[in-house]
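Thanks for coming. I will go through one structure this morning, element by element, and keep it short.

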Amino acid sequence: MAGGGEFAHLPEDLRPVALLDAETRIAHIRSERWIQNAAADRLLGYLQEAFDQPSRERMENLLLVGESGMGKTMLIRKFERLNAAMFDAAAGVQRRPVVVMLMPPRPAETEFFNRLLETINAPSAGYWAGGPQLRTSSIRLLREVGARVLVIDEINSVLAGTPREQRLFLQLLRFLSNDLRLALVGVVVPEARHALLSDAQLRSRFSGIELPVWTSGEELRDFVTRLVWSLPLRQPSPIDSAKVRALLTERSGGVTLGICKAIERAAIAAIRTGRERIEYASLTDPEIWRGVAARGRGSRLRPAPEA
C-alpha cells in the first residue's frame with residue numbers, strides 16, 4: 001500500500017488507485033464522477049430552497065439554464081441523490097421526494113405522462129391509452145410517492161411542438177404546479193428560455209438560475225484543481241496557471257464537458273506514455289481536443305500560445 005509520503009499530491013482515498021495497473025486507472029478516469037465546485041454548490045442551494053418551501057397554492061419554481069455540456073443533468077441528479085428517501089415498507093412504496101424525468105421529444109400530454117410513469121417505475125397496464133385516466137393516474141401516483149419537486153430535464157423539447165402544442169403544454173405545467181402543490185424545475189438551454197416563459201403566468205412563477213460557462217478565474221482554478229485531484233496520476237501535474245486556464249476556456253468555449261474531456265484525455269495519455277502527469281504542453285496536443293468545439297466556431301483549433 002502507499003506509504004505516508006507516496007502520492008501525497010492525491011487525496012488519501014485515491015492513493016491506492018494510483019498503485020493499480022494502467023488500464024484500471026484509465027477506466028477510473030473514464031468513469032462518471034461528481035466534481036464539487038462553487039457554481040454547482042450555489043445552484044444546489046437554490047434547488048434545495050425550492051425543495052424546502054412549504055406546500056402552497058402558488059409554488060416558486062425554477063428554470064435552470066445552461067449551455068449543452070455544462071453539466072446540468074449531473075447537477076440535478078446530485079440534487080436528487082441529496083434528497084433521496086428510504087423505501088416505505090409500511091406503505092410498500094418507494095418514496096420519491098425529487099422526481100427527475102426527461103422531457104419527451106414533443107410537448108404532447110400523453111407522451112409526457114407516459115414518460116413520467118416510466119420514471120417512477122409505475123405499472124403500465126391501463127395507463128397508456130391517454131386521456132383523463134392517464135392524467136388522473138399520474139397525479140395520484142405522484143402524490144403516493146411523495147413528490148415535492150418535479151424536475152423536467154431538456155424541457156426545451158417544447159420547441160419541437162406547434163404553437164398550439166406549446167401553449168397546451170405550458171397550461172399543463174401550470175395545472176400540475178397548482179393541483180399538486182409541488183415545485184417545478186425546468187432544465188433548458190438558453191435559447192429555450194424565452195419560449196418557456198412566453199406564458200405570462202408561468203413567467204411570474206419561474207425564477208431563472210444559470211449555470212454559466214467558465215471564465216479563466218478563481219472558480220475555474222478550483223474546479224480544475226479538484227478535477228486533477230480525482231485522476232490517479234503518480235506525479236503531480238503543474239497546470240495551476242493562468243496560461244493553462246486561458247487555454248482551457250479558449251479551446252472549450254468555457255463548457256465543462258470540453259474542459260473535462262481534454263484533461264481526462266491528457267491524463268490517459270500521461271499514463272500510457274509513462275509521464276504520469278499533465279503539463280501545459282499536454283493540453284496543446286490537438287488530439288485531446290478532437291471533437292471539442294468552442295461555442296460559435298467549428299472544431300478547427302487555433303495554434304496554442306507559445307509556452
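A word on naming before anything else: helices (H or I, at least four residues) and strands (E, at least two) are DSSP runs, numbered from the N terminus. This is a predicted model, where local features need pLDDT of at least 70, side-chain atom pairs count only at pLDDT 80 or more, and totals for chains, interfaces and linings use all residues. Residues are numbered from 1 along each chain as its sequence is written, and side-chain values use heavy atoms, with hydrogens and water left out.

Start with one residue. S138 sits in helix α6, residues 132-144. Is S138 buried or exposed? Its relative accessibility is 0%, so S138 counts as buried; buried means under 20% relative accessible area, with a 1.4 Å probe and protein chains only. Leaving aside residues up to four places away in sequence, S138 touches F113, L116 and L117. Contact here means heavy atoms within 4.5 Å.

Now the sheet. Five strands form an open sheet in the order β4-β5-β6-β1-β7, with parallel pairing. Two strands pair if DSSP finds at least two bridges between them. β4 (98-102) and β7 (206-211) each have a single partner strand, so one side of each has no neighbour in the sheet. On average, neighbouring strands are turned by 20 degrees against each other, direction ignored. Strands β1 (61-66) and β6 (183-188) pair over four bridges, and L63 has G186 in β6 as its bridge partner. Helix α5 (109-119) lies across β4 and β5 (149-153), at about 130 degrees to β4.

Last, two helix pairs. Axes are lines fitted to C-alpha atoms, for helices over the stretch in contact, and angles run from 0 to 180 degrees between N-to-C directions.

Helices α2 (22-30) and α12 pack at about 175 degrees, axes 10 Å apart. They are therefore roughly antiparallel, the word for angles over 145 degrees. From α2, A22, E23, R25, I26, I29 and R30 meet E264, A267, I268, I271 and R272 of α12. That contact divides into six nonpolar, no polar and five charged residues. Nonpolar covers Ala, Val, Leu, Ile, Met, Phe, Trp, Tyr, Cys and Pro; charged covers Asp, Glu, Lys and Arg; the others, Gly among them, are polar.

Helix α10 (218-229) packs on α12 (256-273) at about 40 degrees, with the axes 11 Å apart. L220, F223, V224, L227 and V228 of α10 make the contact with T256, I259, C260, I263 and E264 of α12. Here the division is eight nonpolar, one polar and one charged.

Terms used
Angles under 35 degrees count as roughly parallel, over 145 as roughly antiparallel, 65 to 115 as roughly perpendicular and the rest as oblique. Buried means under 20% relative accessible area, exposed over 50%, partly exposed in between (1.4 Å probe, protein chains only).
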